[in-house]
Amino acid sequence: MNTHIERLVSAESAGEIFTEHLPVKYSVFDEKLAEPIRTGKHQAEYMKGQVFNIQKFSIHDGPGIRTTVFLKGCPLRCIWCHNPESWNLSSELMYDPEKCLQCGKCVKICPSMAHTVTDRHLFDREKCMACGDCCKVCLPEALELCGTSRTVEEVMTEVLEDLPFYQNSGGGVTFSGGEPMFQFEFLKALLKVSRHHKLHTVLETCGFAPRVHYAEILPLADLFLFDIKIANPEKHRRLTGQDNRLILENLQFLNKSGVELHLRCPLIPGVNDSDVELADIGALAEGLKQVKMIEIVPYHPLGECKFRRLGKEPFFTGPITPESITAYYIKQITAHTNKKTVKA
């Protein structure tokens with residue numbers, strides 16, 4: 001298992017600036033913002049990034065009703081990851097053989113001849129260019145393109161469609177991943193537009209990013225959902241691919257900055273849910289003034305099928321964590337802190 005983690009490639013570089021003109025009608029952006037963009041003063045609006053999902057009516061990623069934007073790219077390789085399609089910055093094709101009708105439409109349209117259908121559907125990932133043409137003709141949705149290149153304008157136009165829901169519920173926009181800091185310039189541009197529209201902004205982060213980047217976006221973020229996975233640095237490295245020293249340093253930095261923090265803790269049976277590790281979470285939170293809540297994320301096997309659809313075997317398998325076990329986690333953590341502790 002550890003060998004798999006060691007051989008996983010490191011993160012790719014992010015972001016590309018494009019200079020084509022925006023349309024005169026700037027969608028749901030108001031004219032006050034649109035005019036300086038057309039005159040070249042806000043070049044960040046031309047920026048493109050890789051997005052793998054935009055989830056509307058999200059109620060578990062911060063206060064109120066929110067839209068969560070999931071960005072591709074992550075520096076960690078957690079063995080229990082439930083979004084492995086977020087690891088690589090580039091687009092990827094997911095294939096679910098159980099949904100395939102063997103109709104052969106993908107064979108006809110694929111420009112790289114990555115698909116063949118005989119007595120069964122064979123998909124050659126080495127040939128695939130991730131153009132997504134096959135996904136468009138796959139009616140049972142056995143093929144899915146994960147990751148599309150989107151401009152800041154395109155993303156924020158979709159986010160702002162639900163502005164009345166945010167205003168009525170105290171919600172806003174959440175940026176998650178992957179690790180959103182992995183596409184830092186793109187993230188910063190999204191946050192600036194969100195701030196212009198007075199949206200409540202939440203950033204979910206694993207903490208593994210340069211401190212200067214956190215310092216730069218502090219004025220643009222209202223709340224950080226900060227992942228804490230494992231206290232021991234060597235165990236953290238074995239199970240995520242990186243040790244946690246930088247992560248804990250960034251957590252301390254954010255705590256001193258005065259921004260609101262929630263600790264978000266994925267608890268994996270037999271991996272990081274011992275009584276000692278639960279006590280470590282409580283003790284850590286108790287020592288951080290800006291931590292207002294601890295959010296427990298029980299394990300679920302959603303990522304297992306995603307690994308297989310990406311042509312990989314999952315590194316960890318297990319059943320959904322029962323509610324009784326989650327309640328035990330909360331009890332053990334709150335024995336060491338007065339901070340509110342809930343299931344995410």
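Trp-87, Phe-307 and Phe-315 make up one aromatic cluster. This is a predicted model, where local features need pLDDT of at least 70, side-chain atom pairs count only at pLDDT 80 or more, and totals for chains, interfaces and linings use all residues. Residues are numbered from 1 along each chain as its sequence is written, and side-chain values use heavy atoms, with hydrogens and water left out.

User: How are the rings of Trp-87 and Phe-307 arranged as a pair?
Analyst: Rings of Phe, Tyr and Trp (its six-membered ring) pair if their centres lie within 6.5 Å; planes under 30 degrees apart are stacked, over 60 edge-to-face, the rest tilted. Here the centres of Trp-87 and Phe-307 are 5.5 Å apart with the planes at 75 degrees, so the pair is edge-to-face.

User: Is Phe-307 buried or exposed?
Analyst: Buried means under 20% relative accessible area, exposed over 50%, partly exposed in between (1.4 Å probe, protein chains only). Phe-307 has 1% relative accessibility, so Phe-307 counts as buried.

User: Which strands do the buried residues of α12 pack against?
Analyst: Helices (H or I, at least four residues) and strands (E, at least two) are DSSP runs, numbered from the N terminus. Helix α12 covers residues 302-309, and its buried residues include Phe-307. Those buried residues pack against β4 (92-95) and β7 (143-146).

User: How many residues apart in sequence are the parts that Phe-57 and Phe-165 tie together?
Analyst: The structure holds eight aromatic pairs. Phe-57 and Phe-165 form an edge-to-face one, 6.5 Å centre to centre with 80 degrees between the planes. Phe-57 lies in strand β2 and Phe-165 in helix α6, so the parts tied together are 108 residues apart.

Notes
Contact = heavy atoms within 4.5 Å.
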